[in-house]
Structures are given as C-alpha cells and as structure tokens.
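Reader: I am new to this structure and would like to go through it step by step. Could you show it to me?

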Amino acid sequence: MIPPDVHHDDGMRELYRELILDHARRPRHFGKIDAATHTAEGINPLCGDKLKLYLQLDENRIIRAAGFEGSGCAISMASASLLTEIVIGLSVPEAESWFAAVTARLTAAGDAGDGPDLGKIIALEGVRGYPSRVKCATLAWHALDSAVHQRGTAVSTE
Ligand code: ZN
C-alpha cells in the first residue's frame, strides 16, 4: 500500500505510484555482486523487509557497482532499486550526503538544504508522516551507510 500524499496533486501521485511499482516489480541491479568490497544487511522486522546490499568500491573509494538481494514490500524494494541506480559512480562522501539527504527528506525533517537533487527519490515522499512506512523506505539507505563504513552488523529498524 502506498500511503496518500497530501503534497502533490493526483497526477503526480499516480506517476510516483507507477514509478514505485515499476521498481518494485523489476528491481534494477538485483542480485549478488561477487566482487563486492562492501556489504551490509538491512532488516525491518515490523514489515518483514530484508535486504543485503553489495557495493564494489575501487581504489579511489568510488562506487563502481551496486546490487542488492532481498524481499519485502514494494516501497522497500523500490527504494533499494532506486538506490542502486543513484550510487553507482559516487564517492563515499557523496554517498554519505545522499544518505543524509534522503533520510532527512523521508522522515519529514523537511528540506535537505545543500544536499543533492533527490530526483526520483521524491516518489517515495508519500511515506512522510507514516513512521512504519518510513522504515521501509529508508532501510536500504541505512544499509548503504553501514556498508560504506564497513560496520559489519546488520542494520535493523527496531
Ligand atoms: Zn516494508
């Protein structure tokens, strides 16, 4: 279920819904990366979302490949799919600023300030004000934060 979004008119809401469903049905970069240098798991027990994120960083700490495996609701899978599209080519500091900007935007903290232009991520903005759905939408991003820091523990929303 995609929650209603009071910030956009029906046309935009429909576009966002379709984008989320498209990514959920046909997730981009789905699958394990054997050459991954950084990985992290994310678990959202309330909804049952589980994913493992794979990143391949080069010697300059640029993300050269990203992929994920897992299962969960449409929002969690779409968010992970969008994440893999976004992070390829980013440096670690750029990935960190995306993590900060996306979590700020989706948790209703408001403007991401000087952060990156969030592009398609605003399709997920309908979760704002629905704390249980925010956990679905930000799960992959917390896994990203954990992976680039090699924290080694699974991130859990609980
Ligand atoms: Zn979920």
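Author: What follows is a set of questions and answers on this predicted model.

Reader: How many helices and strands does the chain have, and in what order do the elements run?

Author: The secondary structure comes to 4 helices and 4 strands. Read from the N terminus on, the order of the elements is α-β-β-β-α-α-α-β.

Reader: What percentage of the residues count as buried?

Author: A residue counts as buried under 20% relative accessible area.

Reader: What share of the contacts with a separation of 6 or more comes from residues 24 or more positions apart?

Author: The contacts in question are those in the chain with a separation of 6 or more. Within that set, residues 24 or more positions apart account for 60%.

Reader: Which residues donate to the zinc ion, and how are they spaced in sequence?

Author: The protein donors are Cys47 (SG), Asp49 (OD), Asp49 (OD), Cys73 (SG) and Cys136 (SG), at 2.1 to 2.7 Å from the zinc ion. In sequence the spacing of the donor residues is C-x1-D-x23-C-x62-C.

Reader: Where do Asp49 and Cys136 lie, and how many residues apart are they?

Author: Asp49 is in strand E2 (residues 49-57), while Cys136 is in helix H4. The pair links distant parts of the chain, with a separation of 87 residues.

Reader: Are Asp49 and Cys136 buried or exposed?

Author: The cut-off for buried is under 20% relative accessible area. Asp49 has a relative accessible area of 0%, so Asp49 is buried. Cys136 has 1%, so Cys136 is also buried.

Reader: How many aromatic pairs are there, and what is the arrangement of Phe30 and Phe68?

Author: A search of the whole structure finds 2 aromatic pairs. In the pair of Phe30 and Phe68, the centres are 5.1 Å apart and the planes are at 85°. Planes over 60 degrees apart count as edge-to-face, so this pair is edge-to-face.

Reader: Where do Phe30 and Phe68 sit, and is each of them buried or partly exposed?

Author: Phe30 is in the loop between helix H1 (10-25) and strand E1 (38-44), and Phe68 is in strand E3 (residues 63-71), 38 residues apart. Phe68 has a relative accessible area of 0% and is buried. Phe30 has 44% relative accessibility, so Phe30 counts as partly exposed.

Reader: Why does the pair of Trp98 and Trp141 count as stacked?

Author: Trp98 is in helix H3 (residues 92-106) and Trp141 in helix H4 (residues 131-148), 43 residues apart. Both Trp98 and Trp141 are buried. The ring centres are 6.2 Å apart, and planes under 30 degrees apart count as stacked. The planes of Trp98 and Trp141 are at 20°, so the pair is stacked.

Reader: How do H1 and H2 lie to each other?

Author: The axes of H1 and helix H2 (residues 74-87) come within 8 Å. They cross at roughly 85°, and angles of 65 to 115 degrees count as roughly perpendicular. H1 and H2 are therefore roughly perpendicular.

Reader: Which residues of H1 meet H2, and how do the residues of the contact divide?

Author: From H1, the residues are Leu19, Ile20, Leu21, His23 and Ala24. They meet residues of H2 including Ala74, Met77, Ser81 and Glu85. The residues of the contact divide into 9 nonpolar, 2 polar and 1 charged.

Reader: Where is Thr157, and which residues does Thr157 touch?

Author: Thr157 lies in the segment after strand E4 (155-156). Leaving out residues up to four places away in sequence, Thr157 touches Ile43, Asn44, Pro45, Lys135 and Leu139.

Note on methods: Residues numbered from 1 in each chain as written. Predicted model: local features only at pLDDT ≥ 70, side-chain atom pairs only at ≥ 80, totals over all residues. Heavy atoms only, no water. Phe/Tyr/Trp six-rings, centres within 6.5 Å; stacked < 30°, edge-to-face > 60°. Helix = DSSP H or I, 4+ residues; strand = E, 2+ residues; numbered from the N terminus. Buried < 20%, exposed > 50% of the residue type's maximum accessible area, 1.4 Å probe, protein only. Donors = N, O, S within 2.8 Å, 3.2 Å for Na, K, Ca; no water. Axes fitted to C-alpha atoms, helices over the stretch in contact; angles between N-to-C directions. Parallel < 35°, antiparallel > 145°, perpendicular 65-115°, else oblique. Contact = heavy atoms within 4.5 Å. Nonpolar A, V, L, I, M, F, W, Y, C, P; charged D, E, K, R; others polar.
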